[in-house]
Amino acid sequence: MSDGFDRAPGAGRGRSRGLGRGGGGPEGGGFPNGAGPAEPARQQPPPSQPKAPGFLQPPPLRQPRTAPPPGAQCEVPASPQRPSRPGALPEQTKPLRAPPSSQDKIPQQNLESAMAKPQVVVAPVLMSKLSVNAPEFYPSGYSSNYTESYEDGCEDYPTLSEYVQDFLNHLTEQPGSFETEIEQFAETLNGWVTTDDALQELVELIYQQATSIPNFSYMGARLCNYLSHHLTISPQSGNFRQLLLQRCRTEYEVKDQAAKGDEVTRKRFHAFVLFLGELYLNLEIKGTNGQVTRADILQVGLRELLNALFSNPMDDNLICAVKLLKLTGSVLEDAWKEKGKMDMEEIIQRIENVVLDANCSRDVKQMLLKLVELRSSNWGRVHATSTYREATPENDPNYFMNEPTFYTSDGVPFTAADPDYQEKYQELLEREDFFPDYEENGTDLAGAGDPYLDDIDDEMDPEIEEAYEKFCLESERKRKQ
């Protein structure tokens, strides 16, 4: 027992604890704090001296998962498995040791600081791919082939129906192209539609498109008006406008049955009614004297269609009647008044009876009442009751409504409507000194130039001038190519 305690108290304990935790000695088999190789092991007491059983060295820590810093050579085990006994290396590990002199020169603090330094990640530099030679940008839903296909004519279409249907679909998607493409379309049809059957097929295609797609009724009416004046074919069966009116008459003759039919039949009938209203507004008929009038037969047909809708006061029929009157009510009333008819008064009276007696929904009744109110306000049209006169302070009480308000030195507000406005406003300018050195015509009264304006140099900066010259040369080169 005395041989085991022949050194200073606590010396063996501290040494064994440091070796056990640091793992730097043969027993540790690792790096201190998991950072790198430890200092060379201190000399151990001779094996002949017995040690106290209470001071046995603890088992070493596991191998660290981080690599040692660059330049430090140490033992690198091939497997992270813990050795079977303290101080023993794994069987498959072949240690690579640096010379003792180099290991002694590596202090442990430097190793720890080297491992603690964060690694700086340099972000890659993104290069712009923009170029002046890039192709023109088009949105994803845009197709630039429409104009080219119709300008090329109908060579790519095997039949007339495919060509016409494709153009109608194009107008449905892009109604703004009507003005630019309708002329070429009409010229192509003049070279293709040469028989009665072809003309009849053209009328049917346009009619079906206008009545099956609600948003195409207005465009279909404009298309019919243009073709009625620009198609040159005029067979014995009738021209384009006559065939179109015959097709509408076929649907018009079954109006009573359609207004009482099922939901699908009524929906198709309502589309026909609105298309006929658009035709009445857009279809122009040129007289012998050159005057342009509307088709009177459509005016009579719309009156009978309204009777059929009000005779079957279902919600969808009443809604269709409201839409038709909002669309054509003002024009119909003016035309009836010119002929001395009171048809609009009768229609309004019938609407009031429907509101009182019919079993329609509350929302539909509100729509009908709003329609009556709209008609009482002359369909929203405003007519000037007197000749136009320029607004002056004498004839317009609101002449100074939007004029700004100023304040005198005493805090009294005044506007341009005050009789002494000019005197107060001049006093305000002198007090505030808004324009100290300039007259009303812009003449400089200060003598010397403005220091701010004097600093302005008309010459360009050398770098800007060089860049500008380069730009001009590049533009000239591209223009000559």
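Okay, a definition to start: helices here are DSSP runs of H or I with at least four residues, strands are runs of E with at least two, and both are numbered from the N terminus. And the housekeeping: this is a predicted model, where local features need pLDDT of at least 70, side-chain atom pairs count only at pLDDT 80 or more, and totals for chains, interfaces and linings use all residues. Residues are numbered from 1 along each chain as its sequence is written, and side-chain values use heavy atoms, with hydrogens and water left out.

So, salt bridges. By that I mean a side-chain nitrogen of Lys or Arg within 4 Å of a carboxyl oxygen of Asp or Glu. Searching the whole structure turns up 15 of them. Let me walk you through a few.

Go to helix H18, residues 462-480. Arginine 477 and glutamate 474 make a salt bridge there, at 2.2 Å from N to O. How far apart are arginine 477 and glutamate 474 along the helix? They're three residues apart, so about one helical turn separates them. As for accessibility, I call a residue buried under 20% relative accessible area, exposed over 50%, and partly exposed in between, using a 1.4 Å probe and protein chains only. Arginine 477 comes out at 41%, so partly exposed, and glutamate 474 is partly exposed too, at 32%.

Next, glutamate 253 and arginine 249. Their closest N and O atoms sit 3.5 Å apart in a salt bridge. Glutamate 253 is exposed, because its relative accessibility is 53%, while arginine 249 is partly exposed at 47%.

Arginine 381 pairs with aspartate 334 in a salt bridge, with 2.8 Å between the closest N and O atoms. Which parts does that pair tie together? Aspartate 334 is in helix H13, and arginine 381 is in the loop between helix H15 (362-376) and strand S3 (406-407), so the bridge joins parts 47 residues apart in sequence. Both partners are partly exposed: arginine 381 at 29%, aspartate 334 at 31%.

Is serine 330 buried or exposed? It's buried, because its relative accessible area is 18%. Ignoring neighbours within four places in sequence, serine 330 contacts Trp379 and Arg381, contact being heavy atoms within 4.5 Å.

Last one: Glu333, Lys337, Glu345 and Arg375 are linked up in a salt-bridge network. Have a look at those on the structure.
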